[in-house]
Amino acid sequence: MLGMSERQYAARVGLSRGAIQKAKAAGRLVLHEDGSIDAEASDTRRAAMTDPSKTRKPPAPKLKPVPDAAVSAVGDTLREQGLAAPPVGSGTTFLQAKTANEVLKAQERRIRLQKLKGELVDRARAVAVVFRLAREERDAWVNWPARAAALMAAELGVEAAAMQKALEKHVRAHLDELAEVRPEFR
């Protein structure tokens, strides 16, 4: 076969096989001796013989699929604002995506304004301050038995060394319990 079949040429030019058969019958296609279609020559002849007002518009470009993460982010944003979110797997409408985008823009502007007003706290700095304060508190508790044991022993009439050991034991146990607590910073 020297050229293309009707099906191949139809796929190439974006027409139906029936339209190619009609063009072939009307003499708008150039054929090889074996009946196959000469694509380049046929394209030129069809362009010259076809009425421009009757041509189809080229197909619209296919849209790229939206990642699932983006769709779920739109749904999360809409749900946070008490709006109807798309059901899982059903896709998102343009209106829902645009609404979510506007909500996110408004939230971003609100955060920027709060930062300018000094209402927001730097997270890293807050964590560092809490850590420093907790360490100072721990150190104060570790040193407390040595300072308070002699005074308590005198009031109770017991040996100061025994009182200090007992206080240190209980303070360490209490600090061990506190060490198990892990605060979450959000």
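Biologist: Which residues make up the largest nonpolar core?

Modeller: Seven residues form it: Tyr 9, Ala 10, Ile 20, Ala 23, Leu 29, Ile 37 and Ala 39. Helix 1 (6–13) and helix 2 (17–25) each supply at least two residues of this core. A nonpolar core here is a set of buried Ala, Val, Leu, Ile, Met, Phe, Trp, Tyr and Cys residues joined through side-chain atoms within 4.5 Å. Helices are DSSP runs of H or I with at least four residues, numbered from the N terminus.

Biologist: What sort of model and numbering are we using?

Modeller: This is a predicted model, in which local features need pLDDT of at least 70, side-chain atom pairs count only at pLDDT 80 or more, and totals for chains, interfaces and linings use all residues. Residues are numbered from 1 along each chain as its sequence is written, and side-chain values use heavy atoms, with hydrogens and water left out.

Biologist: Back to the core, then. What does Ala 10 touch?

Modeller: Leaving aside residues up to four places away in sequence, Ala 10 touches Leu 15, Ser 16, Arg 17 and Ile 20. Contact means heavy atoms within 4.5 Å.

Biologist: Changing topic, how many salt bridges are there?

Modeller: The structure holds nine. A salt bridge is a side-chain nitrogen of Lys or Arg within 4 Å of a carboxyl oxygen of Asp or Glu. One of them joins Asp 43 to Arg 12, with the closest N and O atoms 3.0 Å apart.

Biologist: Where do Asp 43 and Arg 12 lie?

Modeller: Asp 43 lies in helix 3 (residues 39–49) and Arg 12 in helix 1, so the pair ties together parts that are 31 residues apart in sequence.

Biologist: Are Asp 43 and Arg 12 buried, partly exposed or exposed?

Modeller: Asp 43 is partly exposed, at 23% relative accessibility, and Arg 12 is partly exposed at 38%. Buried means under 20% relative accessible area, exposed over 50%, and partly exposed in between (1.4 Å probe, protein chains only).

Biologist: Which residues are linked with them in a network?

Modeller: Salt bridges link Arg 12, Glu 40, Asp 43 and Arg 46 in a network.

Biologist: And what does Arg 132 pair with?

Modeller: Arg 132 forms a salt bridge with Glu 136, their closest N and O atoms being 3.1 Å apart. The two residues are four apart in helix 6 (residues 123–156), which means about one helical turn separates them.
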